[in-house]
Amino acid sequence: MRRETFHSDTAVVIGASGQDGYFLTRSLLAEGKVVHAIVRRPEVRNELRAIGATLNVHEVDLAEPAKLLDLIDEVQPGEIYNLAGQSSVSKSFSEPRLTWLTNAEFVSVILETVRLRSPSSRFYQASSTDMFGGASGSKVVYDEDSPLNPQSPYATAKAAAHLLCRSYRETYNLRVACGILANHESHRRGKHFLTRKIVDHVAAIRRNGTSLAPLKVGNLKIRRDWGFALDYADGIRLVLRQVATREALCGHTNKSSLELDDGRAYRDYALSTGCTYAVWELIDAAFALGGYPLEWHIEDPDPVNWHARFRGDGRPAVEVDRDFLRPTDPLEISVDSSRARRELGWSPRTGLEVFLGEMLNGAAEHKNVD
């Protein structure tokens with residue numbers, strides 16, 4: 001039975017202990033919303049509860065989401081943010097079924113729950129630029145209308161969920177929007193991500209000195225767009241509140257010019273800083289911020305031979321490991337976020353130091369997250 005009470009001041013954040021979920025939950029609580037945080041591991045309950053009095057933490061396995069579905073039916077939330085799922089591309093090759101279950105099938109279950117049990121809720125889905133694929137060694141630019149060409153189980157599941165969200169929005173007129181986010185980092189980043197690996201290595205040098213074994217990485221030449229996760233959490237909220245945000249920016253003065261806040265007015269948005277950096281530049285900035293300037297040797301035509309030494313004592317600092325090379329990776333991935341900047345007024349900070357400084361400061365107390 002459909003409940004009649006709708007709570008616009010209530011939000012459900014699925015994957016609240018992860019990087020984006022954590023920052024988003026903090027922002028929602030700061031707005032005064034009642035937040036139901038959905039987590040996978042019980043040990044993160046106390047950490048999340050400490051950030052707000054109006055936070056309710058629920059432990060839910062995405063493979064058995066009945067508890068979450070009943071919660072949505074009961075609280076009739078104004079906003080639902082799905083930031084959960086298996087997030088590792090490499091892991092998706094070894095666990096394709098789990099990846100499909102958490103990144104695609106779970107989304108279908110949530111969408112159907114919204115349709116049948118909480119149709120007034122707005123639903124945000126975290127999509128991925130991996131959905132678009134890209135040829136080896138190419139330079140690609142993605143936006144909201146780029147053709148889908150997934151090349152991993154992770155990307156395939158994300159693409160399926162993305163298309164399903166569009167279908168529910170168009171077929172059932174539900175208020176559904178997807179955010180397609182470029183790389184964004186913080187001290188909450190999981191240990192299998194490149195930025196976390198780099199920052200943890202710099203922190204280890206602080207403890208053990210430059211005699212530590214060199215940092216082993218993949219292709220130092222590839223270029224990506226990296227931003228600060230806190231800025232992207234702000235962007236996520238704007239994507240889901242897009243109708244009101246667009247109206248505020250346009251400044252309409254008569255009701256006839258206002259958009260109807262229904263599914264037909266919702267669209268997807270890509271978020272990025274608009275600046276790309278090579279992996280070697282990312283590493284150079286992190287080491288410099290840690291107090292360890294590097295001397296780079298990147299003239300060789302073969303990037304496998306690129307490396308860096310500590311400027312102070314000449315010890316090896318960074319080396320390429322062939323096992324980390326991904327031959328199918330595009331050389332450069334850019335994301336066009338002009339629609340979000342124009343229609344939502346979203347403007348992230350740029351520069352590697354913005355998030356690397358925060359990551360280095362938080363390295364000491366970093367805990368693994370969902």
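Which strands does helix 10 (residues 279-289) lie across? Helix 10 lies across strand 9, strand 14, strand 15 and strand 16, and runs at about 165° to strand 14. Helices (H or I, at least four residues) and strands (E, at least two) are DSSP runs numbered from the N terminus, and angles run from 0 to 180 degrees between N-to-C directions of axes fitted to C-alpha atoms, for helices over the stretch in contact.

This is a predicted model, in which local features need pLDDT of at least 70 and side-chain atom pairs count only at pLDDT 80 or more, while totals for chains, interfaces and linings use all residues. Residues are numbered from 1 along each chain as its sequence is written, and side-chain values use heavy atoms, with hydrogens and water left out.

The open sheet of four strands has the order 9-16-15-14 with mixed pairing, where two strands pair if DSSP finds at least two bridges between them. Its edge strands, each pairing on one side only, are strand 9 (215-217) and strand 14 (294-297). Strand 15 (residues 307-310) and strand 16 (residues 316-320) pair in the antiparallel sense over three bridges, and Arg309 stands opposite Pro316 in strand 16. Helix 7 (residues 194-208) packs on the sheet, touching strand 9, strand 15 and strand 16, with contact meaning heavy atoms within 4.5 Å.

| Residue | Class | Relative accessible area |
|---|---|---|
| Cys165 | buried | 0% |
| Cys275 | partly exposed | 26% |

The whole structure holds zero disulfides, a disulfide being a pair of cysteine sulfur atoms within 2.5 Å. The sulfur of Cys165 has its closest cysteine sulfur in Cys178, 3.9 Å away, which is too far for a bond.

Conventions:
Buried < 20%, exposed > 50% of the residue type's maximum accessible area, 1.4 Å probe, protein only.
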